[in-house]
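Here are my notes for when you have the model open. Take them one point at a time and find each spot on screen as you go.

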Amino acid sequence: MAASAGLATAAYGWWEKDQFRLREETVAVLPPGSRPLRVLHLSDIHFVPGQTKKARWLAGLADLAPDLVVNTGDNLSHLEAVDPLLDALAPLVRYPGVYVPGSNDYYAPVLKNPALYLLGPSNTHPLPTRVALDWRRLFTGFGEAGWVDLTNRSQSLAFNGTRFDFSGVDDPHLKRERYADWPRGASGHERKPHVKVAVIHAPYQRVLDHFTGAGADIIFAGHTHGGQICLPGYGALVSNCDLPTWRAKGLTTWEHGGRWVPLNVSGGIGTSRFAPIRVACRPEAVLLTLRAKA
């Protein structure tokens with residue numbers, strides 16, 4: 001009986017991993033009088049050659065015509081995934097975008113016991129020899145299309161007459177984050193209306209605290225897969241970092257030092273190719289409409 005239930009769950013999880021959805025959110029973070037900005041948040045695509053349904057769905061997101069795409073990393077899950085992923089994203093990279101890397105941009109996933117995730121983040125367990133992925137070619141493709149690399153960098157971009165100051169970090173799951181502060185503009189730039197946007201892959205509390213204390217107006221993150229295997233009525237069992245599991249997916253607020261900042265954690269689009277199932281946690285992209293504060 002237990003074996004039959006396990007097989008049924010695995011079969012369902014295999015099906016659910018391809019039931020892509022769009023989550024839509026609205027959050028007031030722009031200066032008063034600003035025009036709305038539509039942001040498409042992509043994360044944890046974990047692309048594998050042959051994922052034609054995922055490729056078609058990604059390409060179709062271009063029909064949303066976002067003002068900005070934010071990619072929070074873990075794009076790859078296979079050594080041969082770079083070219084088919086860039087092909088799938090070709091309609092989307094025509095729109096302005098920013099990105100940061102995750103560990104599965106640098107290294108291919110490895111086969112491991114999934115139960116280990118219940119014992120804490122995967123970076124606390126010994127890993128076998130890691131296989132490097134061609135992240136340079138992936139990011140060259142992003143850069144040639146005009147997407148901005150925020151790996152331990154900051155940069156300002158203007159949208160609809162409002163200045164957006166972006167600051168991003170390399171993957172905290174690999175402990176590679178280095179803070180670049182916010183972009184420095186002309187004298188008096190801080191007094192002009194602007195929005196501070198933090199972009200990270202893994203939402204470790206130390207990084208969320210840093211950006212909240214540094215004055216971020218909104219934070220984008222991924223990494224958690226929303227828990228990937230969740231219990232109906234309960235939610236995620238793990239976040240694969242020190243983020244509380246009830247925050248493993250969705251738009252919440254992060255508090256630190258008396259400041260409250262909107263935090264959007266994407267539930268992610270893919271899975272490791274060695275654990276290709278999702279249960280009660282459908283893959284998602286997120287369309288956030290940023291609007292003016294009252």
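Which residue in β9 does V197 stand opposite? V197 faces I218.

1. Ground rules. You are looking at a predicted model, in which local features need pLDDT of at least 70 and side-chain atom pairs count only at pLDDT 80 or more, while totals for chains, interfaces and linings use all residues. Residues are numbered from 1 along each chain as its sequence is written, and side-chain values use heavy atoms, with hydrogens and water left out. Helices (H or I, at least four residues) and strands (E, at least two) are DSSP runs, numbered from the N terminus.

2. The sheet. Follow the strands in the order β6-β7-β8-β9-β13-β12 and you have walked across an open sheet of 6 strands with mixed pairing. Two strands pair if DSSP finds at least two bridges between them. At the edges are β6 (154-159) and β12 (250-256); each has a single partner strand, so one side of each has no neighbour in the sheet. From one strand to the next, the twist averages 25 degrees.

3. Back to that opening pair. Strands β8 (residues 194-199) and β9 (residues 218-221) run parallel and are joined by 3 bridges. Helix α6 (residues 205-213) packs on the sheet, where it touches β7 (162-168), β8, β9, β12 and β13 (259-265). Contact here means heavy atoms within 4.5 Å. The direction of α6 makes about 70 degrees with that of β12; axes are lines fitted to C-alpha atoms, for helices over the stretch in contact, and angles run from 0 to 180 degrees between N-to-C directions.

4. Helix α3. Which residues of α3 (residues 82-89) are buried? They are V82, L85, A88 and L89, where buried means under 20% relative accessible area, exposed over 50% and partly exposed in between (1.4 Å probe, protein chains only). Looking down the axis of α3, you'd find its buried residues within an arc of 130 degrees, so they line one face of the helix. That arc is the one spanned by the directions from the helix axis to the C-beta atoms. Among the elements covering them are β2 (37-42), α2 (52-60) and α5 (135-145).

5. Helix α2. Here the buried residues are K54, A55, W57 and L58. Their arc around the axis is only 165 degrees, which puts them on the same side of α2. Their cover includes β1 (21-30), α3 and β14 (284-292).

6. Where the two helices meet. The axes of α2 and α3 come within 7 Å, crossing at roughly 35 degrees. From α2, the contact uses A55, L58 and A59; from α3, it uses L85, A88 and L89. What kinds of residue are these? The contact has 6 nonpolar, no polar and no charged residues. (Ala, Val, Leu, Ile, Met, Phe, Trp, Tyr, Cys and Pro count as nonpolar, Asp, Glu, Lys and Arg as charged, and the others, Gly among them, as polar.)

7. A loop residue worth a click. L61 sits in the loop between α2 and β3 (68-71), yet L61 is buried, at 6% relative accessible area. Leaving aside neighbours within four places in sequence, L61 is in contact with L22, L40, L42, P66, L92 and A285.

8. Cysteines. How many disulfides does the structure hold? It has 0, a disulfide being a pair of cysteine sulfur atoms within 2.5 Å. For C281, the nearest cysteine sulfur is that of C230, 4.1 Å away. C281 is buried, with a relative accessible area of 1%.
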